[in-house]
Amino acid sequence: MKADILLGLQWGDEGKGKMVDFLTPQYDVVARFQGGPNAGHTLEFGGQKYVLRSIPSGIFQGDKLNLIGNGVVLDPVLFQKEADELAEAGQDIRERLLISKKAHLILPTHRLLDKANEAAKGKAKIGTTGKGIGPAYTDKVSRNGLRIGDILDHFDDKYTAARNRHLDMIRALNDAAQANNGSPVSLDSLAELEDEWMKSIDYLRRFRLIDSEHFVNQSFAAGQSILCEGAQGSLLDVDFGSYPFVTSSNTICAGACTGLGLAPTRIGEVYGIFKAYCTRVGSGPFPTELFDETGTQIRAIGHEYGAVTGRERRCGWIDLVALRYTIMLNGVTQLIMMKSDVLDSFPVIKACTAYRINGTLTRDFPFSIDNDIEPVYEELPGWQTDLSHCTKQEDLPAAFCNYISFLERELATPIRIISVGPDREATIWRQ
Ligand code: GDP
Ligand code: IMO
Ligand code: MG
């Protein structure tokens, strides 16, 4: 048996949650492999909308097992809120959710450190989600992290040592922020935050905390299939994204190997998911960003506001140079195009096929996309048809099919699924 991987090819929010939920009936297990509550994965069905942050998006599909893998960083407080919301929606997840003992914990002081880091950076801030992601992964790599398995044994001492170390760091960052005319982070609410956090640690102990690498490999041995769910997008990958404006994990396909204990030889299909246009939240370069009326229209029609922070998403045309790069990095075998319906009303659709850098044309993604990049666009006629009424391939208008064929040629990869609305049902398979 193989594990298939579904991941975002742009700067996140491509619609991963919707598609994992849609594909889950074909699998036995759904496994998140990296990221944490910086993710906001939206699912819609039966007239209801749900946003998942740490719990995998296969949780609504019957009795499938869902795993939070070792590559994830987990905030127990946000996890409890998410689990409580699911319980209110009638989902009893206790038996269906497994959590890796090797996943790292996000402490209250990680969240404060995230804010203090940003304040100290001043204008150069990353625009993080403020969920403590960077500090938690920093502790993991610097071998200071606390793991879920630690809560089962002598936890208080380990916790106190970590929070004291963090407090020293926050004080130093606060000095730097003040020197930068930024606001220092207040520690006044820490006792309250810690109290809430410790209660959530007790709650977490009631879940099935497991050695997930063994579970993953035993599942294969038993003939079970796994769908691995990525968070964020490849352009936010800590190695290959628009560094330093990235997240702190490997969001690409390789992250599924380290984040689950999955051997590379086990990887089957790699579903690469992208929007028919492009968005980004937070700071950092975005060559095809639109600052005009078209960008405003895309944001309004596509409801491009963050699922986690509510921040406005920056909008622009599709960037095929970046997509070719992320398809290469991930070894994508099948593409999934989302939010096609958002472009329904536009008479002309633009697609960036190359960059002009200091007068030279390139189709390859460069070391840095910071400055001096002029996107070169190809213009295609819009379909000006309401795609949300289409339910099968034959319903799709000719101009839209033309856009798809153009993308498949440019990206040298088949587009197998088209999404034409947020609902689970608004999804079309292509032959
Ligand atoms: P994720 O983080 O990749 O799971 O994506 P998000 O949930 O953050 O953002 C995707 C947004 O687009 C959500 O609000 C979805 O409900 C919505 N969405 C997904 N697919 C479609 C689609 O095909 N058309 C439209 N109009 N909205 C979609
Ligand atoms: P999903 O899974 C979009 C962005 C943040 C910021 C940068 C670093 O819903 O697609 P972090 O908090 O990770 O340290 O922030 O990464 N970012 C996302 N943008 N979708 C996400 O997740 C994101 N997760 C992080 O806005 O620019
Ligand atoms: Mg999202």
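Predicted model: local features only at pLDDT ≥ 70, side-chain atom pairs only at ≥ 80, totals over all residues.

**Entry 1**

**Entry 1: ligand 1**

Which pocket is the space taken by ligand 1? I checked, and ligand 1 takes the second largest pocket, the one from my entry above. Helix 1 and strand 3 are the elements that give two or more residues to the shell around ligand 1.

I found 19 residues around this ligand, with Gly 15, Lys 16, Thr 42, Asp 341 and Ser 419 the closest. My class list for the shell reads 4 nonpolar, 7 polar and 8 charged.

Next I looked up some contacts to oxygen atoms of ligand 1. I saw that Gly 40 places a polar backbone atom 2.8 Å from one oxygen atom of the ligand. Glu 14 has a backbone N or O atom at 3.1 Å from an oxygen atom of ligand 1. For Lys 339 the contact comes from the side chain, where a polar atom lies 2.9 Å from a ligand oxygen. How much of ligand 1 does the protein bury? I noted that ligand 1 exposes 590 Å² when taken alone, and that the protein buries 93% of this area.

**Entry 2: the largest pocket**

I turned to the largest pocket and noted about 810 Å³ of space. Its lining has 42 residues, and Ile 126, Thr 128, Val 246, Thr 247 and Ser 248 are the closest to the centre.

Which element supplies the largest share of this lining? I found that helix 4 does, with 6 residues. I also wrote down that helix 3 (108–121) and helix 4 (133–141) each supply at least two residues here. The classes in this lining come to 16 nonpolar, 18 polar and 8 charged residues.

**Entry 3: ligand 2**

I asked where ligand 2 goes, and the space it takes is the largest pocket. Around ligand 2 I found 21 residues, and Asp 13, Lys 16, His 41, Thr 129 and Thr 247 come nearest. The shell divides into 8 nonpolar, 10 polar and 3 charged residues.

What lies close to the oxygen atoms of this ligand? I noted that a polar backbone atom of Asp 13 is 2.7 Å from an oxygen atom of ligand 2. Gln 232 has a backbone N or O atom 2.8 Å from an oxygen atom of the ligand. For Gly 40, I read 2.9 Å between a polar backbone atom and an oxygen atom of ligand 2. On its own ligand 2 has 550 Å² of accessible area, and I noted that the protein covers 98% of it.

Notes
Residues numbered from 1 in each chain as written. Chains lettered and ligands numbered in written order. Heavy atoms only, no water. 1 Å grid on protein atoms, 1.4 Å probe; cavity = no way out; pocket = protein on both sides within 12 Å on 5 of 7 lines; lining within 4 Å. Points joined across faces, edges and corners; volume = space filled by probe spheres on them. Helix = DSSP H or I, 4+ residues; strand = E, 2+ residues; numbered from the N terminus. Nonpolar A, V, L, I, M, F, W, Y, C, P; charged D, E, K, R; others polar. Near = heavy atom within 4 Å. Polar contact = N/O pair within 3.5 Å; in protein donor to acceptor, adjacent residues only side chain to side chain. Areas by Shrake-Rupley, 256 points an atom, 1.4 Å probe, with all protein chains shown as cover. Sits in = over half its atoms within 2 Å of the grid points.
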